Amino acid sequence: MKKFYISLLGSALLSIVVLGWLIDAFSQQTQTPHDEFSLQSQMINGFSKHLANVATSERAAYVKQLASDFNVKLDYKSNESLALTPPLILQMHAQSGLILEDQQGFYMLYSSEVLSPYHLSMRLDKGVEADQRNDIILTLLFYAGLCVFMGFIIAPLAKRLTVLNEAAKKFAAGDVQARIKVSHFTYIRDVELTFNRMASQIEKLVAENKLMASSLSHDIRTPIACLRFGLDAALETEDLSKIQQYLGRMENDLDHMESMLKSYLAFATLEQNANQLTYSQTHLSHYLEDLLTQLSPKIETSHLKVQLNSSDDIVFADLHWLARAISNLIGNACDFAKDTIYVSAKRDEHYLYITVEDDGPGIAPENFNNVFSPFFREESHRNRADKSYGLGLAIVAKVADWHHGSVSVSKSTRLNGACFTLKIGQHHDT
């Protein structure tokens, strides 16, 4: 919008200056005083010729008689009464005379060799109606030109606003893929880009909500069916021991449902944290060592060995959410590793790279792009992590996106299992 404001102001000032100059030049060329008072100029020349035949002592009275006969304001005065510069006095001797203006209007001064050192002075009557008509025409021309200039500036804006309005209507009608093709020649480029980002974000949220609803309705069927089976069995039997057994299973199913709902609701509200990141810095190696210490109970329970290879660089990020992402990667490795997990970390000028490798079965190449989608789980891995709902890696992808980074998976060349690489932007001057 700043570009638009500057262009609008600059065009307005330029149009005012250019139009004012053109109209002024046109007015001076078409309506000069000499052209307007050409008749009076001929009259005063005629009077001077008559005075040439009149004695000097009688000229003043003769001028009064001419003024009365022709109904004009005519005077005969000495040149010494004039406070004029030499160039203006010379101009009095020109055929058209010298035209001056005072508070009463215009008046003409004329002299010649015959009249010198005297001159004729005649008051000029200017047509008021003609002046007003010309002023109105020039004013209308000025505003018309100004409107044309402003139209050239506002027309592209109106066109882009129409494009924005049409895209917004399509989006409001349910077409979440509606986007604006951003033009380089637009005043509202920032607004168009913001609309596209907003539309992309909403489209992603709508897709995730649909996917979450579909996945939840699918995953919750199993514990509900187990609850129904346990309840029916408990109602049909009179054996207290079996009833207790069924109730115990039903309690486990309820716990499973509660855990599932908590995970789904936590993921649904995860995007609210995108604008609440709190950045701080720490030493990378010490940060990862503390994180592995916190995860040691799960690592020891899985009887795994973890190797850490980290530089001692300074890392700048939201340390809470970065820890959440790394914990998810290491936790995922614990679920599938056979014996060893390898964690490495380094950074360059722009990014921090954290790699987590394991010696498990790995990820099928065709699922490299799908594994970070919410609620995605490989069929061969469902039994390995029965409490997983396909959200851990999706959270990692979101954390990476919040930090202007990314996450990817490949096959580990070191351990032949999965290799996850988390890339976090480092734009702070550390």
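Student: Which ring does K423 lie over?
Tutor: In this predicted model, K423 sits over the face of Y351, at 4.5 Å from the ring centre.

Student: And what about R414, which ring is that one over?
Tutor: R414 lies over the face of Y342, and the distance to the ring centre is 3.8 Å.

Student: Okay, rings with rings now. How many aromatic pairs does the structure hold?
Tutor: There are seven aromatic pairs. One of them is F171 with F195: the centres are 6.3 Å apart and the planes stand at 70°, which is over 60, so the pair counts as edge-to-face.

Student: Where do F171 and F195 lie?
Tutor: F171 is in helix α6 (residues 128–172) and F195 is in helix α7 (residues 189–219), so the pair ties together parts 24 residues apart in sequence.

Student: Are those two buried or exposed?
Tutor: Both F171 and F195 are buried.

Student: What about F372 and F420, how do their rings sit?
Tutor: Their centres are 6.0 Å apart with the planes at 85°, so that pair is edge-to-face. F372 is in the loop between β9 (351–358) and α12 (392–402), while F420 is in strand β11 (residues 418–425), 48 residues apart. F372 and F420 are buried.

Student: Switching to the backbone: which residues does a cis peptide bond join?
Tutor: S116 and P117, with omega at about 10°. P117 lies in the loop between β3 (105–110) and β4 (118–124).

Student: What's the phi of N71?
Tutor: N71 has a positive phi of about 55°, although it isn't a glycine.

Student: Is N71 buried or exposed?
Tutor: N71 has a relative accessible area of 71%, which is over 50%, so N71 is exposed.

How values were computed:
Residues numbered from 1 in each chain as written. Predicted model: local features only at pLDDT ≥ 70, side-chain atom pairs only at ≥ 80, totals over all residues. Heavy atoms only, no water. Phe/Tyr/Trp six-rings, centres within 6.5 Å; stacked < 30°, edge-to-face > 60°. Helix = DSSP H or I, 4+ residues; strand = E, 2+ residues; numbered from the N terminus. Buried < 20%, exposed > 50% of the residue type's maximum accessible area, 1.4 Å probe, protein only. Lys NZ or Arg CZ within 6 Å of the ring centre and 35° of its normal.
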